[in-house]
Amino acid sequence: MIEKFDAIVVGAGPSGNAAAYTLAKGGLSVLQIERGEYPGSKNVQGAILYADMLERIIPEFRDEAPLERHIIEQRLWMLDEHSHMGTHFRSDVFNEAKPNRYTIVRAQFDRWFSRKVKEAGATVVCETTVTGLLRDPAGRVYGLTTDREGGEVHADVVILADGVNSLIAERAGLRPKVRPEHVALAVKEMHFLPREVIDQRFGLKENEGVVIEMAGTITAGMAGTGFLYTNGESISVGVGCLVSDFKENGTSPYVLLDRMKRHPSIAPLIADSEVKEYAAHLIPEGGYDAIPAIHGDGWMIVGDSGQFVNAMHREGSNLAMTTGRVAAETVLELRSTGKHMTAHNLSVYRKKLEASFVMKDLKKYRRLPSTLHDNKQFFTDYPRLLARAAETWFRVDGVEKKQKEREMVGSFFKSRGLRGLISDAFKVARAWR
Amino acid sequence: MSNEAPRSAAKKQLPEHFKAYTGVWVYIELERGQVHSVSWELLGEGRKLADQLKVPLAAVVLGPPDGSARAAVADSFCYGADRAYLMESALLADYRNEPYTRAMTDLVNTHKPEVLLLGATTLGRDLAGSVATTLKTGLTADCTELAIDAERSLAATRPTFGGSLLCTIMTLNVRPQMATIRPRVMAMPQRVDAPVGEVVEVPFDMAEDTIITKVIDFIADSSRDKVQLAYADIVVAGGLGLGNADNLRHVRELARVLGGEWGCSRPLVQKGWAPADRQIGQTGKTIRPKLYIAAGISGAIQHRVGVEGADLILAINTDKAAPILDFAHYALIADAAVALPALTTAFARRLGPAVRLAG
Amino acid sequence: MHIVVCIKQVPDSAQIRVHPVTNTIMRQGVPTIINPYDLFSLEAALAIRDEHGGTVTVLSMGPPMAADSLRRALSIGADRAVLLTDRFFAGSDTLATSYALATAITKIASDQPVDMVFCGKQTIDGDTAQVGPGIARRLGFHQLTYVESVETIDRARRTVIVRRRAEGGVQVLRSELPCMVTMLEGSAVVRRGSMADALRAARADVTTWSAKDAGIEDISQCGLRGSPTVVRKVFAPQPRKEKAVLIEASAHDPVHMAEATIDTLFAALPGLNAELHAAAAR
Ligand SMILES: Cc1cc2nc3c(=O)[nH]c(=O)nc-3n(C[C@H](O)[C@H](O)[C@H](O)COP(=O)(O)OP(=O)(O)OC[C@H]3O[C@@H](n4cnc5c(N)ncnc54)[C@H](O)[C@@H]3O)c2cc1C
Ligand SMILES: Cc1cc2nc3c(=O)[nH]c(=O)nc-3n(C[C@H](O)[C@H](O)[C@H](O)COP(=O)(O)OP(=O)(O)OC[C@H]3O[C@@H](n4cnc5c(N)ncnc54)[C@H](O)[C@@H]3O)c2cc1C
Ligand SMILES: Nc1ncnc2c1ncn2[C@@H]1O[C@H](COP(=O)(O)O)[C@@H](O)[C@H]1O
């Protein structure tokens, strides 16, 4: 007998969990299907969790969720081969009662979140891959198939929360293939160190944590960034660049990460650690313009699968949770008014997102991806120029300061020219606006 | 052992009735007329423990009345035993858990040893578990090191968590202190011709019709086409670095020329390139060959624990940084698909006409 | 047939780390799995159930989290799951573990008699291979360890024939039910449950028993108190100081590479040369 549910959620990442939790709490019969051995098993990475979006779903999460450290310090580094310069913001204000950002280890966090989903009443099935959507002649989605024997299940609505590579949506013709210039490939490692060593290296106590975001020559001229987060007993380090750039450039992400780890500013931070997890993952970075259709007759798309990532601010999981929650709330509202899950009725989902920070933020940066992609000087010339300028400025060598100023300005002009400098500034400003 | 909670609080307070337990016993594993070499290794190790405790070392021989048990007793003295306990009975012809457990527990209850050592073989582990449970005493499995502490207790050290850690385990307040010991870890003692010493013959009083389990056949390994990995002196194995299933043939050919066995890492079994009985490692076979050649295997801890006992490990890998270089003795930085056939040809040539290449 | 399969949830040893200072296991972030050996036993039990009918009950002793492993066993096809969880069990060695499990099996058998108990050959964390024999002894079941295959079960006569791995060969044993069997690794390919199994497992209740629920009256036989063995110290193995010696040979000249390698091996293992020749002559 083929079972039927009110809703099926595909995937148990932050977006799928948010959706399944909200739906189950709302009293619907929910089936969630995850291909990993358990939720989070495919997400072996440390990450940053933005509290606010989770708080809206599970207000008491701070008491239960496996959180690593709350972030009290943010560094933004510009790196060339030898140096780093940048800002460094650390504040005791972040030691607040309800901190705003935490580092988490996804494998654990996802598992916890999934437990909440089960407690809320959803049926969660793991080690099962969704292989396709079932559509009636009119195109309405009424269920799906999985790779298990007797794998067909039906539902009024299917929510695709299956991550950046959403093959299901692509196969069902609901969205086009993701373009290489719209996804970044990030590689990441977990460097395990005793808690005390991490505290000492970063000047931390209790559960305080640090985030370092990096740009510059570490990406070998490609559009991308690097990062380092402190977890409880490990440090996550990683670097990501657009897939299209990797293709053009011929460099492998592993080579980049390796080089980054040997950078004199980073090596001492991770020295003597034991590397255990190595993960490569795609991040959708196409921004607003890359968002596909996110709803239709009997289906919705949430999270990375819908390209909901703010690359500039490294926000992904929060958009995932928000889109998951909003999609679920839309379904609940339709149900309570006795409406069907038609494309027309589900369009409320998109409207709600347009009215929220999700679409507004993504719109704000809609030009950034292409600007950075087309202007590689941001990842080559500028870091080097800045580093050389700082080096000139700080070196005490009997050269008069005026002369130093002239040299610094000169080097910028020589490299980019006046027009280049002005247009770069203009480009960034426009993309940022 | 599921919990490594510190039990340092546990102090030695040996109950009075256990104080009479004395002497070190080694179980001599006799099967089908053959003594497993681990038994001699244990006599060598047991000698050291007994000397330290200043107690006698005894061999325990259980077997059929066909002379093989007596021969084993004689050999025991050559390997250092002071005394031997012998139980001869037709019921003990083949190893079976019921009569052997009964024989061993009777012997222990009557003659009260303080230490009882067995080889960590299939037989030793099957028997030790039943005996220890019957005697309600502690048993430390698969040890790699034995010592006597200041309070005259046996300190048995063994790998745990798949080899990531070692732990030292004691049985403080119960006797005997039991341990099974991995074959090929302890040194083989020198055999010295010695006259038969004190033999304590103990009658075995079970009746065959009370023993439920019957051996209806024994298929010796030599007579069947079964993988002999665990016992092979030379093993050649391949991993994912071979690139494809077809390249496994190079592994098989080299093994054949060397008169050894071939094996593989787990992913090859998972991919269906090789049958499960060829897998080497934690969830596969543990091997202790003289020479192990690992081609295109990275050397993950689960693989490592299965091969560490090899006398000599040669890694063939394209990656100088592969973890296998941390425990291999020699490494050839080369493409396995090239190096393996080259080695096969070169070995065949050196070994002369007796070895012919396939095809 | 009523078959009980004992499964243990263990940390995935692939991901285990040792704290460099305290030498304790760092469990943080280490996923847990069903002890891989137990899956071969589970598969053997399911195959017997499929052939002879009956019920497969999976049993585990461990923290509440171990319910996840039991649920996974249900999704593979087991019918029923029981979790033994109690603070009294903490620190159990194999003697105490077999006591608790055997008592629970007796309790399970009071509803429906148990014909067979399956255990894994050994665990990947404890690695002792003692719990199965311990259970057998306590229950008075016939003990069949290192079984390659269960050949036949005659339910009328209550006999069972198995092939058991022994040193130097395979014993074909005839025994009787009830018996305790541990399966050898690689004895079968573990099946994947159907979608219906997966759904059933996701919804199933895992019966959770405390020591008392399981009918354990003598707490002194459980946990630390019931464990005759004492862990004195836990430490990291000495890493081998030297890395592998690289064999100097031209990567472009396979012949030279092979010759250099063979020379190295012969020099390192005196006697290898002679042994190979002797073997080749045979
Ligand atoms: C290296 C890296 C660092 C990041 N750092 C941050 C950060 O610090 N902060 C932040 O907010 N965001 C970060 N992100 C982004 C964030 O991880 C994602 O935006 C977020 O995980 C998206 O959630 P999701 O639920 O949409 O998708 P996912 O988390 O990818 O979950 C999708 C799930 O669906 C399952 N699935 C896929 N296909 C199928 C199928 N066919 N059948 C069944 N199941 C299926 C997958 O196994 C997976 O569990 C980072 C991303 C990367 C790669
Ligand atoms: C619970 C558990 C139990 C496990 N049990 C086992 C077990 O019993 N046995 C086991 O083996 N594994 C086991 N594993 C898996 C283990 O963790 C590793 O994944 C596995 O051993 C890796 O196999 P590999 O070395 O063949 O492949 P990889 O790790 O992919 O390594 C391939 C190697 O080949 C090298 N290489 C690539 N190309 C070439 C070339 N052309 N020539 C030469 N070298 C090349 C590479 O540099 C690399 O070092 C287990 C894992 C778990 C979680
Ligand atoms: N805590 C436990 N719960 C259930 N079964 C167990 C437990 N510990 C051991 N076993 C069983 O006993 C077998 C041998 O374990 P061990 O003696 O620890 O190597 C395992 O493969 C399991 O089948």
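Buried means under 20% relative accessible area, exposed means over 50%, and partly exposed is in between, with a 1.4 Å probe and protein chains only. F18(B) is buried too, at 12% relative accessibility.

Some ground rules. This is a predicted model, where local features need pLDDT of at least 70, side-chain atom pairs count only at pLDDT 80 or more, and totals for chains, interfaces and linings use all residues. Residues are numbered from 1 along each chain as its sequence is written, chains are lettered from A and ligands numbered from 1 in the order in which they are written, and side-chain values use heavy atoms, with hydrogens and water left out.

Now the aromatic rings. How many aromatic pairs turn up over all chains? A search of the whole structure gives eleven. Take F109(A) and W112(A): their ring centres are 5.6 Å apart and their planes sit at 45°, so this pair is tilted. Rings of Phe, Tyr and Trp (its six-membered ring) pair if their centres lie within 6.5 Å; planes under 30 degrees apart are stacked, over 60 edge-to-face, and the rest tilted.

Why are F109(A) and W112(A) separated by about one helical turn? Because they are three residues apart in helix α4 (residues 106–119) of chain A. Helices (H or I, at least four residues) and strands (E, at least two) are DSSP runs, numbered from the N terminus. F109(A) is buried, at 1% relative accessible area. W112(A) is buried as well, at 4%. Back to chain B: the rings of F18(B) and Y21(B) have centres 5.4 Å apart and planes at 70°, so that pair is edge-to-face. In chain A, F109(A), W112(A) and F113(A) form one aromatic cluster.

Next, ligand 1. It is surrounded by 39 residues, and the closest are S15(A), E34(A), R106(A), D304(A) and S317(A). A residue is near a molecule or strand if one of its heavy atoms lies within 4 Å of it. The shell around ligand 1 has 16 nonpolar, 14 polar and nine charged residues. Ala, Val, Leu, Ile, Met, Phe, Trp, Tyr, Cys and Pro count as nonpolar, Asp, Glu, Lys and Arg as charged, and the others, Gly among them, as polar.

Which atoms meet ligand 1? A side-chain N or O atom of R35(A) is 3.2 Å from a ligand 1 oxygen. A polar backbone atom of V130(A) is 2.9 Å from a ligand 1 nitrogen. A polar side-chain atom of S317(A) is 2.6 Å from a ligand 1 oxygen. Alone, ligand 1 exposes 1,000 Å², and the protein buries 96% of that. Elements giving two or more residues to this shell include α1 (14–25) and α10 (317–336) of chain A.

Last, ligand 2. Where does ligand 2 lie? Between chains B and C. Of the 30 residues around it, L240(B), S265(B), T283(B), S298(B) and N317(B) come nearest. Its shell has twelve nonpolar, 14 polar and four charged residues. Polar side-chain atoms approach its oxygens: S265(B) at 2.5 Å, and Q279(B) at 2.8 Å. G296(B) brings a polar backbone atom to 3.2 Å from a ligand 2 oxygen. Alone, ligand 2 exposes 990 Å², and the protein buries 79% of that. Two or more residues come from each of α6 (266–270), α7 (301–307) and β17 (312–317) of chain B.

Methods:
A polar contact is a pair of N or O atoms within 3.5 Å; within protein, one must be able to donate a hydrogen and the other to accept it, and residues adjacent in sequence count only if both atoms are side-chain atoms. Accessible areas come from the Shrake-Rupley method with a 1.4 Å probe; for residues, only the protein chains shown count as cover.
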